[in-house]
Amino acid sequence: MSAAHPDFWIAVTCAAAFFQNLRFILQKQLSMATLSAAGATFARFVYSAPLAAVLLVIYLHAIGQPLPETSARFWLAGTVGGAAQVGATVCVVQLFKARNFAVGITLMKTQVIFAVAVGAVLLGEVPSLAGLGAICLGLVGVLLLTEAASDGTWTWRALTSRAMLLGLASGVLFAVSAVCYRAATLEIASEDPLVRSGITLSAVTAMQTLGMVVWLAWREPGQVGAVWRARRRAVWVGLLSMAGSLGWFTAFALQTAAYVKAVGQVELVFSLIAATLLFGERVTARELAGMAVLCLSIVLLVLVT
């Protein structure tokens, strides 16, 4: 399927969700072992930024296109989006250590609804009624896939817990980053979505890496060295992050952030499949229903976009 195909954004979104699922598994292992939440987040960017820049140079040379000019609005959108993504990633890594993990992760998935609101305010991109209905249907599927929907943890204590706040904060920040990344890609004068996504990814990851080096040197000086010592595993976090981010950025260059994030919920299905095939966990009827509802919502989005 070529980048010119109208449904290409769906393919790259699903690929991005798959790589993101693998990355979160590795980040969880790193955060539970040798790195802090900020250190595990830094590992994501420091090992992906150089590769993203190299791939961009190779691609531009291959197609014979010079580096397009960038505007002040591009750098503003990229900076805000990059900062929001760093904050959201730190929240998610901290969720791995929190109780009521399922509650927090479910609330993180509200980023789809927040993306609708942020996209409408910043870019004037409002989903159609059919598209909004498909997004809401997908959220129902997410709730069915989350253990907290049936194991009694939806208590007031759980809903006011640190995990809840982290999940909600990550949802808002991920939504802001998604819309800002789409805004940045729209500022690049190129018809090639891979060029626009590659430039945005390279610029953002470079800024994130430099920003986190300064932050860690100030607040957690030992973590920069710890990330280097954990490089045999952390480098895979960077590679998976680069692959996933390239997919997300390409999708943002082609479609509104709300629709991209809605299709990206397929990550939960990947997580469930991995848990079943790799760890022998049993799939319940509720989880099967959740996968069916979520997949139905994605099919509906394909039909209405």
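Here is a friendly chat about the cavities and helix packing of a predicted model.

Residues are numbered from 1 along each chain as its sequence is written. In this predicted model local features need pLDDT of at least 70, side-chain atom pairs count only at pLDDT 80 or more, totals for chains, interfaces and linings use all residues, and side-chain values use heavy atoms, with hydrogens and water left out.

Student: How many cavities of 30 Å³ or more are there?

Tutor: Let's start with the term: on a 1 Å grid over the protein atoms alone, a cavity is a set of points where a 1.4 Å probe fits but cannot get out. Points are joined across faces, edges and corners, and a volume is the space filled by probe spheres set on them. With the cut-off at 30 Å³ or more, the count is four.

Student: Which residues lie nearest the centre of the largest cavity?

Tutor: That cavity holds about 110 Å³ of space. Its lining (residues with an atom within 4 Å of a point) has 13 residues, and those nearest the centre are Arg-44, Gln-85, Phe-174, Trp-248 and Lys-261.

Student: How many residues lining the second largest cavity are charged?

Tutor: This cavity has about 60 Å³ of space, and its lining includes Lys-109, Lys-261 and Glu-267. Asp, Glu, Lys and Arg count as charged; Ala, Val, Leu, Ile, Met, Phe, Trp, Tyr, Cys and Pro as nonpolar; and the others, Gly among them, as polar. The lining divides into two nonpolar, four polar and, for charged, three.

Student: Are H2 and H4 parallel or oblique to each other?

Tutor: Axes are lines fitted to C-alpha atoms, for helices over the stretch in contact, with angles from 0 to 180 degrees between N-to-C directions. The axes of H2 (residues 37–46) and H4 (residues 72–95) come within 9 Å and cross at roughly 130°. Angles under 35 degrees count as roughly parallel, over 145 as roughly antiparallel, 65 to 115 as roughly perpendicular and the rest as oblique. The pair H2 and H4 is therefore oblique.

Student: Which residues in H10 meet H9?

Tutor: The axes of H9 and H10 (residues 193–219) come within 9 Å and cross at roughly 125°. Contact means heavy atoms within 4.5 Å. Tyr-181, Ala-184, Thr-185 and Leu-186 in H9 meet, in H10, Arg-196, Thr-200, Val-204 and Gln-208.

Note on methods. 1 Å grid on protein atoms, 1.4 Å probe; cavity = no way out; pocket = protein on both sides within 12 Å on 5 of 7 lines; lining within 4 Å. Helix = DSSP H or I, 4+ residues; strand = E, 2+ residues; numbered from the N terminus.
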